[in-house]
Each structure stands twice: as C-alpha cells, then as structure tokens.
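Here is a short briefing on a protein structure. Please look at the sequence and the model first.

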Amino acid sequence: MAQTSVEGRPDRYVGARLPRVEDARFLRGVGKFVDDIRLPGMLHAAFFRSPHAHARIVSIDVEQARALEGVVAVLTGADLADFPPFVAGLPRPEVKANERHVLPADRVRFVGEAVAVVAATSRYVAEDACALIDVEWEPLPVLTDPHASLAPGAPLLHEGSESNSFAHIEFEHGEVEKAFAEADRVFSKRFHHGRMHAAPLETRGIVAEHDPGSGGFTMWTSSQVPHLTRSLLAHMLGLTYENQFRVIAPDVGGGFGLKIHLFPEDAVVPYLARHTGRPVKWIEDRYESLAASTHAKEIVMDLELATTSDGKFLAFRGRYVGDAGAYAIYPWTPLVDSLVAAVLLPSLYDVPAVRFEVDAAYTNKCPTGAYRGVGWTSGQTAREVLIDEVARALELDPMELRLRNTIPSEPYVSATGCRYDGGSYAESQRKAMEVLGYDALRERQKSLREEGRYLGVGFSPFVEPGGWSGEMAKRMGFPFDYMDAARVTVEPDGTVTVTLGLHSHGQAHETTFAQVVADRLGVKVESVRILEGDTAVTAYGTGTWGSRSAVIGGGSIMRAADEVREKLVAIAAHAFEASPGDIEIYDGNATVKGSPDKSISVTMIAYTAYFGAFVGGTRPPGLDPALTATRSYEPPESYANGCIAAVVEVDVETGQVELQQVVVVDDCGIMLNPTVVEGQIAGATAQGIGGALYEDLAYDANGQFLAGNLLDYLYPTTMEIPAIEIHHIETPSTVTEGGIKGVGEGGTIAAPAAVVNAVADALSPFGVTIDRTPLSPDRVLSFIRAAEGR
Amino acid sequence: MIVDGAAAVRVTVNGEARQGLAEPRTLLVDFLRQELGLTGTHVGCEQGVCGACTVRVNGQLVRSCLMFAVQAERASIETVEGMARGAELHPIQQAFHEEHGLQCGFCTPGLLLTTAALLETDPDPSEAEIRLALSGNVCRCTGYVGVVAAVQAAARKLREGT
C-alpha cells in the first residue's frame, strides 16, 4: 500500500483516534431506538407475570381484562398451546436439552415469568388490563441454592429429567492426583460469585408487523444478534421461508451480552401482531428487565491449588456449580457461565495439570445467560482471590507469586488447551505495578495502618478470549461454527458501502470499520458507509458479543476489500498500460509507481466499472465489473491480556469501601482506534467495579425477587467510579488478520478480582478472607466479625 | 378542554408553542415522545433513578418520568432537540463528541441537559463538582471517563466562547 502523506488525515486510519461518526445523531437526539418507532394502528403489549417463584397455575381468568375498553387481545399459555417451545441444548453427551414454553400454561418457575399478554391501544390500558387478570396459584417448593438443587431428593424443576443439572461436565489434563499428592502445600477455597445484571440503559423492546400479503414479518428489536433472531424465530412462527422474516436491530442502547438471547417476548410479540392484524410494540420496563430477562455470573466455585513450598503452581482443581435459574437460556445455555469459567481456570499461569467439574443447576430464579465477560469474570475472581490467599499463607508478595508462575510472552498452550497467541502476560503485570508505584504504596499502607487506617491494593492479571468463532467456541466447550461476513461494495461514484452481520450498540463500528476498509482500499474514510442491523440489507452474521467484532469484522472486511481492490487495480493498470503490481491506491487516487503524472481517481475507476468508459480509458476486457465482494472470516483462537490494579481504603467501623485508584494495563493487539478501545476498557471496568461492590440481584429464601428497581440494583454512578487510568501495550496477534485481538470484556473479567483483592489486602491485619461478592458494607463488616470471632 | 378523559396541554418546547392531548396520568416523557414526537428524551427506568429522561422545565432539571404532562401546562420545556443550532452543535455536544463522552447514546440527552444546567450555574466546576452534578445520570457504557472529560472540555469551550 502506498504511504503518501496527505494533509488533514493520518497516514493510516487504523490506529488513529478518529472521532466517532455515529455521535452526530445521538448528540442531536435523533437516534432511532426501537421505542422511537411508531406505525399506523400500532398496539401496545404488556405482560402479566408470575408473583411466585414456583407454582402451579390452577386457573386463569382473563374475561375482565378482555372486556376493558381499548383491549384488543389477551393471550395465555392455553392460546399458544401449539406454539413450539425454545429448546436449549448443545450437541454434547453430557447435556440434557431443556424446553421453555413462551407462555407456560400450567406451571411457573420464577418470579417475573410471563404467563399472559395483553394487546391494547396504549401501554397504559394494557397494564390496566394486566391488573384485571385473575390467576389461582398453587405454590410449590422453592429451590434458590444451586447446591441444594443438586442434592439427592431435591424436587425436580423439569419433568422428565433425572437431576436439576442442565449438564455435568468433567475434564482432566496432566497428572492431577499425583501433583496434589506430592505437593508441599495444598490450598483450597469456596467462592460464591454474586448474581449480576447486564443492565443496559435501554431495556429490551420489540415492534413487530405482519404483512398478510406475503405472510411475512418485519420485527424491530433491541438486539445484538438480528440475523440469529431471524434464523431461530422464523420457523417457530410457522414461516416456511426464513427470508420472509425481516429483523431490524436499529440503534440499540447497550447490550453487554443480555441482548444475544431469545426471550419469550421475541416470539409472542410477532405472534400477537399476526393474531391482531396490527403492528404491536412492547417495551420492557425496568422491573421486567431486572426480574425476567437474564441474570449472570452466579457460580459457586470450589478451587484447589497444589504448590511447592516456594510457590510454584503444580495443579489446579475446580468445581463450578453455576446457578442456571429456572430454564436453560436459549440458545446459548447456562454453560456460558460455569463451563467457560472452568476452561479458563489456569489463565495465564504455567501449570501443567488441571481437573474441573462443571454443573449448571436449575433454581427458581431468573435464567442466567451471557453478560460481558460471561463466567470468565466469576472464575477470575475466585482464582485470583485464592492466589492472594496463597501468597499470604506462603508469606510471599502476591505479585512475586504471580510472576513466578506467569507464562512466557510467546504463544503457549494451556493445560485446558487454550492456544494463547502471544502477549505481554508478565510485562503487563510489571507495568501495572510501576504505574501504581507499588513499593511506595506498600510503604504508605504500612504507615496508614499505624494510624488505624486500612489501605489495600489488589491486582488481577487476565487473559481475555476474543474473536469468538468456531475455534474459540469449541475450545470453550461449544461445538459450533459461525458464519460472519462482510460485503464491501464500491459504488458508481467511488464511495464505499460495507454491510456486516455484526451490530454496533456503542462500539462505534461506523467509525472503526470505516477505518479498516479505507486503509485497505486506499480511499478517504469519509467516503465509507457501514451498514449493520437489517437482515434484508446486510451480509449474514451472528452479531456482536464476546469481544469478536474487531477481529471478525476487521478480518472479513480486509478479505472482501482485497478482492474489490484487485478490480480497482486492474482497471487502473489497463488504463495506464501498467502492470497491476505497479498500481498504488491512496486517499482515493490510483497512481503508477514512479510516474506521478499517471493518476486516476477511484471515482473514475468505479465509473468505468459501472458504465464502461472514462476519458482515455475503458474496462479491461473480460473483467467482471461488479465492484463487490462478500467474504467471511473465522479467526483462530486469540486472547488479549492485561492487568487491572485497584487501591481501596476500607472503613472498618462502617464497612464502606472507598475505591481510590484503578489502573488498567491492556494489550488487545493492534488497535483499530485507541479512543474507542479506551471507551470499551473504561466501561467494562466500571461494570466490574459495580459487580465487586454494589450490584446484587438478591432473592429471599422463598425465591422472592428483591432487586426489581434501580434503587435496589445499584448501578455505579460518577460518585462510585474513580478516574480509570488506562495504559496500552500492543502485542500483535500472531494468528489473526491484521494482528487484531478482541477488546471489550477484560475490564469486566478482571476488575472484580482487583477490587476484592484490594479489600482483602486492606483487611489482612484482621485475618479476613472474602468468599463472595458484592462487598456491600454490611458484608464487609460480617467478614471482619467472622475473622475476629475465629 | 377534556376529550375522552384527556386534556389539551399547551407547552413551549425549545422555544416553539406546542399542544397535545394528555390523560391526567400521562407522564411528561410519554407526552413529549408520543404526543409531540420528540423522541430524543429517553425512558430508562420510570423510577426517577437513571436520569435518561431528564429535561428542563422552566429552567429546572426534571425527571420527565416522574412528572405528569398536565403539570407542565404553559411551562417552557427544553429537550435535547433544542440544543444544536441547525448544523452547528452546541459546545457541550461538541465536547461530548471530542472527548468520547458517549457510546450507545441512550443516556446522552439527559447528560447533555444536566451538563447545560451545571455550567450555567457554575462555569468552572471542579472534577468533584462535576461528578456530584452528574451523579443522577447513569451511563452504563463509558465508566464516566469520557463523560467527565467532556464536561470539563465543555466548560472550557463555554468560558472561552469557542
């Protein structure tokens, strides 16, 4: 590629801090979110939901609701008796597939489960009608603890199953028993990771319209996975042809993994649109979002680590019991938490032997699914808190212990088979220590302790699996492949349109992918348009999640753009009677190497392709003039890495944790746009901090949900999140197109462990051990009391 | 005037006289979005916690999910749609753009109006004052790093008249 300097633009767009293209509409308040869509004659839906954690539906009376003025339809499970259930499963022998009826007719299994739906002329009326629905319930025994669910004799939550576990999976590599038998020391720990919510600020929402002419549907949905939604729903809705179903994910107000699942409402709302013959809108309210979408990350973990007396890690054992909630979430299954947590057990430590056991246990709580960092967060927290405890027991500095066991920076295969593609595994830890002024901080900690103040520092070095495609999926235990394509088209005037089956809901694809294609084709970034989120318009793809889009979108764009570029080059070479190898394209102009007078704009090249001729040139004979290419990219496994450090002061009288400093050292390989990368890191880290200290989807022992609003489920605000200091190391991937690794989840994976370790460090004079999150003040006090009572 | 239980509500929005129908229970945010078609103001929680629905009523910051439309009769309301001057962004909007103060954009309208109110009363706030002023506006994407930087940059722009 030519490297010509043009004033007013970076030499290469990739790596430049270009401002975001998408800001213009959001800043003006003219973004188009699902709730902004209004169609003529549109009805509004509201769902009637279970107040019980587990109950039999004896009878449902909807007559009063139906009679209310403005109500057009009321449907219950009986009306949808023939509608197929969601069936969540995986093609592996350990898994027992699980059915979920979109409106259960006879039994509810968690508070908030939908049992009826109303369509009315306004949401206000629809909710009035819900209040008139009368259900006779017969409460059933409730399970809220995943270990209790697995205990012999526990009532079974799903008929026809032999246990309450969706899957029991075991794995072993290396001589685990021998390592534990011969180890100088064996350490163990149980850690119960808190139950979290992705909590995008825009809740889910759907507008569905049925076209009686074609029999098809158009559905606008706040989703990260429009194509997957189409593929999974079309046949359920009785369509013969998937392409009769158009799914549009317009502007989406955050997803964080929550919006990659299929929910009952996704099926019921289009069903209602066909049933009523009118478009139907449903916007999830905050209670529904918190109670009845997906929860995440609640896993009870028992870890063991065998070491030598000087702290060399010999083997890990882990038992991961995930709290799956009432149903296996569709389509990803609850194994996105407990299984992936286990696979990453050895993380970036050089340990030869690993054994794990995994369950996903049904309870009478909201189903659990993917949330940024998935189970890696929970596993990271348990492992890193254990490692700090090991360091204290061995009287070693925790970072000294980690660095003794950290893998080298070259590509490395872990005991669980993860193929790390090279990274700054130790360097990022040292960098975090250096930025923090670690030695001085330890001195300050010492002197503050003499004043009765408790400062603590915690570290959390991490690997972040990125670019989730077939290889990564299989590594993590999900035997699937994926098809994600980009279509790159040069239009007649030389502008460039790219469509992808990914979806941007904050990640700035319209900016970053334009950078990639502009570099690859040699055009101005301003001439590029990126289109996503409409199954009738874009190339197919499985959506944006799992730190996959930069790797997969970037790679597929590069491949498609290379094909199109060949044609641009061929036309220019033909015009100048030059060799294609001598054509350079930069900033929208093709030139012949060494002959600066021979120059033709991409606009004229495109014009020639579409219309046959420009002044002084013609199409090369035999050239297929379509300046378009669609290519997919399924990258090999790749892993970003980094280290998060946190400094806290704990008030031992009140249990209050003051988070004073957060440092993130991140290495995600080649960055498309460092500003966007930093936004991803900061946001992910803030969510991790929320999980460590504030966010808790609490249930009582009866399965009653206690966190149904944002005064109970505590999002961190500007007052809780300190300035987040971000440092980059850029180790290009050795295996992906362009050296790109994934970014977006590291903060959520690693920040909780950094914060928990900092609190444990602050309270180490009390001998405190921490075994759960979040660290609410009362819980911190209970840890101190427990330690003092020993 | 009451029609089918709905009253005519007259307001001035972003300097323009507007009217529409609202039931007594219609929330101001629903009136703005559904009756007047001003969908820039968003609904995040309907509980007055998240701040996405923040607008200004007679200059005061208001959670439009906690106020009835009829309470705004004859009031002057400012929403995000009124900030830019044609093609030109307001300096606060420009600062959010330059400092990566938004990602998904859902909380942004509320943050912009809260920032406007802050900088009118305090043109040179400290970081602590900025954080306090914004503490009622939740952003789930940014970790507030870009948001706080944007408010600082906006304050500079407004002070310097750029």
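How many residues does the contact take from chain B and from chain A? It takes 45 residues from chain B and 53 residues from chain A, where contact means heavy atoms within 4.5 Å. This is a predicted model: local features need pLDDT of at least 70, side-chain atom pairs count only at pLDDT 80 or more, and totals for chains, interfaces and linings use all residues. Residues are numbered from 1 along each chain as its sequence is written, chains are lettered from A in the order in which they are written, and side-chain values use heavy atoms, with hydrogens and water left out.

**The interface**
- About 4,100 Å² is buried between chain B and chain A; this is the accessible area (1.4 Å probe) that the two parts lose on being put together, summed over both.
- Carbon and sulfur atoms give 58% of that area.
- Four salt bridges cross the interface of chain B and chain A (a side-chain nitrogen of Lys or Arg within 4 Å of a carboxyl oxygen of Asp or Glu).
- One of them pairs B:Arg33 with A:Asp36, at 2.8 Å from N to O.

**Salt bridges within chain A**
- The whole structure has 62 salt bridges over all chains.
- A:Glu172 pairs with A:Arg355, with the closest N and O atoms 3.0 Å apart.
- A:Glu172 is partly exposed at 41% relative accessibility, whereas A:Arg355 is buried at 18% (buried is under 20% relative accessible area, exposed over 50%, partly exposed in between; 1.4 Å probe, protein chains only).
- A:Asp562 pairs with A:Arg520 at 2.9 Å between the closest N and O atoms.
- A:Asp562 is partly exposed, at 31%, and A:Arg520 is partly exposed, at 25%.
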